[in-house]
Structure formats: structure tokens, C-alpha cells
Amino acid sequence: MKILVYVRQIFGAGFNPVDPVNKCINDQGAWFQHHPKDERAVEQALRLKDAVPGSELTVVGIGPERVEADLRGYLSVGADKAIRIWDDALEDMQLEDCMCATLLEALLRSGEITCDWLLCGDDEMSTVAIHLAELSKRPLATAVSGVASLDGDGEGLLRVKRRLEKSTLTLALSAPAIVAVERGDALRYPKHSDRLRASQQDIGVVALESLGLAAQGLRDKRRLQVDAITSPKPTRKIFPAQGSGSSRVVDLYLGGVGGGGNKQIVEDSVDNMAELVVEKIDRATHGGLSS
Amino acid sequence: MTELSQSSAAGQIWVVLDSATGKADTSSLALLSEARRLAAYRQLDVQAVSFSKEQGELRQQLQAVGINKLLMLPQSNSDVTSAAALLAPVVAERAPKLLLFAATVTGREIAARVSGRTDAPLVTCATWFQWREDKMVVTQSLFQGRASQRVYSENSATTIATVQDKIYLPIQAANNAEVVVEILTAETVEEQRIKVLCEAINIAAELALDEVDVIVAGGMGVGSAEGFDQLHKLATALNGRVGASRRVTDQGWVAIDNLVGQTGTVVSPTLYIACGISGAPQHLIGMCDSETIIAINTDRNAPISQVADLMLVGDLHEIIPRMIEVIEARKRKTTQLQIAQKEACG
């Protein structure tokens, strides 16, 4: 079984990437880390690899040399090979998800690597896996919370659990397919000796030319123009909205900054109170009890 | 089938409803309200799009939020690929200005697939929309919420966006115009390569504390580990989970992963029922952002009464069993009504 996992690098915890003057990204002095969802995808892939002897796990990243540190991290926990897609022509391009998917699809098509299963991390923002499924016409499962091999050798069939908002689906997926992992166990820790081995391993760099792509063609795929990038407004309000639960806590402990709210205190017979509270529950859950 | 003038679609905002069962989700209705606000600035029309086979309650729901156009693309299965195959050609042909999806798992997938097929740009997790002349400028969050980005499209007629739940609220509108329904049927020849082995409803008890909609929390007032049985029953009846205060988990009455508060899980469910919890500041900080808070306590002056929307003064061991009875009775009545309706229809 051949597994490919697409991994991304994100800004390290605590680093603020926003340049407030020019309203753009400033990555000078930045530190980077694994994308937490990609870690889960790699862990799922490692478990598949452990279950099926003779499997090969490759991690692929898109980005400049700094991405190699990320890839080496995954090599140290058990990935067999790592590939980095990069070209100097990509230097000043902000890659949209559909552009990353184009690069990955070109990699699959170029014959540089073959894979039965392509895994990647999934969250509510990421659409790389979906664009890739559209381009490569491979079946796709998003929001995956568990993967297991159905036929023992894992060549043809995987059992995949998808967690939707209201239900959980169990699917049988046939190779070749794409699996976007959202939940699952945390990535295992590497041994020190494996870290040393990974630090010396070769990482192949694939340029645009060997993928049969032109920089301009890729640039034309960008469909959005960036107006400005700013720091988000703080979500924790210092003075919460009048009448909200938080305003009442402020009221209680800081002395009357928030609002009184619409609180109602009832002391009545048990039957009346039960009727009243169930009515309130029904309204609070938007008719959840009567549908 | 009603004919709509197709040339006017270019000046439209479309909202794709999450409505598999012929009933639109609250998040979709909230999006319709936001679409109506945006449309008002540019005298545009808002149209709802549904993949549902039957209209069900859609007409009434749309009327309530002031929308009077509905495009139905009846889908024979619930597969996202065929939904995208139905929607993409219509979007390409009529080029609505903005196409909105709720950021659910399926909503995001259909949005991305339509974006791929029509070359329209996609903005995921949009938080704000504004017009700049005739361009739609969309704000989205970046880098796990550490930055926000304003983007627009220079040359595409359509912009597609997914919007997360609870950013907007449905707003009732005084517009009683009849809903005009257009039904487009098309054959999709998307090959099915994924086999669904089984589908199970998510049981709240198996979800994490911050993922559930209803939490029934107990404090020292519950009295004992056995006292929590009633809370578990109430939580099951409401498809929620049991939470607890610090002292309860220290006593070992329930497991530590049920702990709500500053040192446990900070939660903001739709409904939080605090039973026998007095409301220490550490606990209140962990739950005060819940949409509705109901407290049951014998002490009417407990600090929780300051935070609760509804405070019942009484013994929780008497009130909760009665509440469970009332809820069960209600559920039975609803089921009987549904069966009667089905019999009347069929």
C-alpha cells in the first residue's frame, strides 16, 4: 500500500504575522510548526502503515527550504520518504488552495510518485482536498475521524468514519482515493535516534518544470485580490453586550458595568415550574423538543 | 414551473440552504437575513437554493425571513458531487453576484466543488461582507484566527463564500409576498464510488463537552454520585451531556472530563442547565457565554441567579424527574402528530 500525506507548515504559536503599517503578512523572524490537523492525518497514515506490512508512507510539502524542518519531523516519526514542491518562481505568490491542489495533481500525474491513498489534514477553512478531488476525479471523504483497512492488505478498500454536524457516516472507500482527516489521535513522539536519522535523510525537491506546469499558468489560477490583512478584533469583549451572561458576571464581580438582562426568578409548585422550564428549553433549542 | 427572467440573475445573491428534509436549518435562514441586508444596498434580489425533493416547510420559512424566490434543484441522493454537478452549470449560466453557503461539512464541499467547476473564487470562513462600489469585499479569518484578510475578485462575476454558524442571526421580516418557486430538473451522471456502510446520529454523550448544544451541569447541591443519575437522564432526554463543577469532580461523582469552568472546559452551548450549582466565579467564567442559562437551586440568592435567564427556586430532586416526564410526554405527542400527518398524506 502506498500512502501520500500532504502536510502544511503554519506560523508558530504566539507569532503575530501581521504587519500593521503596510497591512500585509510579515514573516520576518517567524517560527513555524506542524499544522495540528496534518499531524492527525500523519498519525492515521502511520497506523495504516503499521497494520499493513510493506506499506510505504511519503509526506509532501509545498514551500521554501524552511518546510524541510517540517518534513523531517514527520520522517522522524516513521514516514519513509519526503518530497518538497518548490520553485523560485513561486516565491512571491500567495498560494490559494486551488493552486496547491493543482501542484499536487500535477505531482500525481507526473509519475514522480504513485499512491493508493492520499491523506491530508482537514479543517473548516481548508479546501485543498476538495479541489484535488475535483481535478483528479478521485473519490473523497472529508471531516474524517477514523480510518481502518477493510481487506487486511489495505490495497483496495478502506473503512472511513466521517463526522458530520448531526451524524457520523461509515464509508467504504476504494483506492485510489483522498481522505481529509479532521479528528483522531495525536501524533506519536519520535525517538532521539530517529530524529538523528531523519536529519540526514534526503528530501527530493520537485520543480514546476518537472511537473509540467508554468509559473504564469499557475499565477493565472489566482482569483482573489487581497485588499488588506489586519489583526482580528479581540473576541473577548471588555464590556460585554448588555443582557448577555458575561455582562451579568461583570455586574456581579466588578460592580455594575454590564446590563441587568432579562432574568426571571420563579418560585412555584413543582408541576408549574417543570412546565415553565420545558417551555423555555423548547424555545432555547429553537423547537428542539417539538421536531 | 415558473419562469423567471434569467437576465436579472446577475444582480442576485443566492443562498444555498441546508435543507435535505424540506426544512431549512437556522444557519441557512440567518444567511438569508444577511443576504437581504447586503442586497438592500444595491437593489438586488435574494434567491434561496435548495437540493430538497419536496418543498415541505420551505415556503413558510422563507416568507418569515422576507425571501420570495426559491430555486429547487431536486437531488435523488444526498451525494455532494451530484449536488455540485446540479448547481455548477446554473451558477455558470446565471452568474449570481454572491453565492453563500453555511460552513457545514457538506456546504464547504459543495462550495469548493462549484468553485472548481465554474472558476468562481471561493472565500472560506467569511466573517463580514461589504460593498465597495460594485465589488463584494469579503473578510475572512486567516492563520487559525491570528489575522483577518479582506479579499475581492477583480474579474469574476460570482464570488462564493462559506459562513460559519452563529455569526448571523435569522431576522423576521414583514414581507408577506408569495414565494415564487422555480424547479430545475437535470440528469446527473456522476459516478458513485463511495459506499455508505452505515449512518448513526451523533450521540452527545460521545462528543466533547465544547461540541454539544445542551449541557446539564450539576454542583454540590446534587448531593451524591447517585443524584447524578437524574441529571444523566435529563441530558439524554435533551440529547446533551452532563457537566459538573470542580468540587463534584474532586469528589469523584463524575469524571474529570465533565468539568466546566476556568480549570476545566470553557463552554458556550445553546442551553446550559445548572442544577445545584451556586456559581463560583471560576465556574461562571466557564459557562457565562451560553445562549440560555437555566438554574435550579434552593437558594434564591445564589450568585448563579445573577447570570441565569431563568432561575427556579426549589429542590432539584423534585423538579428534574417532573421535567423529564413533561419532556417525554411532549416528545410522545410530537411523534403521534407526525405519524398522524404521514397517514393523512399517504
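This short talk walks through a predicted model with chains A and B, from the overall picture down to a few residues.

Residues are numbered from 1 along each chain as its sequence is written, while chains are lettered from A and ligands numbered from 1 in the order in which they are written. Since the model is predicted, local features need pLDDT of at least 70, side-chain atom pairs count only at pLDDT 80 or more, and totals for chains, interfaces and linings use all residues; side-chain values use heavy atoms, with hydrogens and water left out.

Let's begin with the chains. Chain A has 9 helices and 15 strands, and chain B also comes to 9 helices and 15 strands. Here helices (H or I, at least four residues) and strands (E, at least two) are DSSP runs, numbered from the N terminus. Of the 291 residues in chain A, 49% are buried; in chain B, with 346 residues, the figure is 52%. Buried means under 20% relative accessible area, exposed means over 50%, and partly exposed is in between, using a 1.4 Å probe and protein chains only.

What about surface? Chain A has an accessible surface of about 13,400 Å², and chain B has about 15,400 Å². Those areas come from the Shrake-Rupley method with a 1.4 Å probe, and for residues, only the protein chains shown count as cover. Carbon and sulfur atoms hold 49% of that surface in chain A and 49% in chain B. The C-alpha atoms of chain B fill a box of roughly 70 × 55 × 45 Å along the principal axes.

Now, contacts, meaning heavy atoms within 4.5 Å. Among contacts in chain A between residues at least 6 apart in sequence, 65% join residues at least 24 apart. For chain B, the corresponding share is 63%.

Next, the inside. A nonpolar core is a set of buried Ala, Val, Leu, Ile, Met, Phe, Trp, Tyr and Cys residues joined through side-chain atoms within 4.5 Å. Which residues touch the most other members of the largest core? They are B:Leu87, B:Leu99 and B:Val114, in a core of 57 residues. The largest share of this core, 9 residues, comes from helix α3 (residues 97-110) of chain A. Apart from it lies another core of 38 residues, among them A:Leu119 and A:Ile203.

A:His131 sits in helix α4 (residues 128-136) of chain A and is buried, at 6% relative accessible area. Its contacts reach into both chains, including A:Asp97 and A:Cys98 as well as B:Ser115 and B:Leu122.

A:His34 belongs to strand β5 (residues 32-34) of chain A. Is A:His34 buried or exposed? With a relative accessible area of 19%, A:His34 is buried. Its side chain makes polar contacts with the side chains of A:Asp70, at 2.4 Å, and A:Tyr74, at 3.4 Å. A polar contact is a pair of N or O atoms within 3.5 Å; within protein, one must be able to donate a hydrogen and the other to accept it, and residues adjacent in sequence count only if both atoms are side-chain atoms.

Just after the helix, A:Gly78 takes a positive phi of about 135°.

How many disulfides are there over all chains? The count is 0, where a disulfide is a pair of cysteine sulfur atoms within 2.5 Å. Take A:Cys98: its sulfur is 8.4 Å from the closest cysteine sulfur, in A:Cys100, so it is too far for a bond. For A:Cys115, the closest cysteine sulfur is in A:Cys120, at 11 Å, again too far for a bond.

Last stop, chain B. B:Thr263 lies in the loop between α6 (246-251) and β13 (271-275) and is exposed, at 58% relative accessible area. Its side chain has a polar contact of 3.2 Å with the side chain of B:Arg246.

Key
Lists of a residue's contacts leave out its neighbours within four places in sequence.
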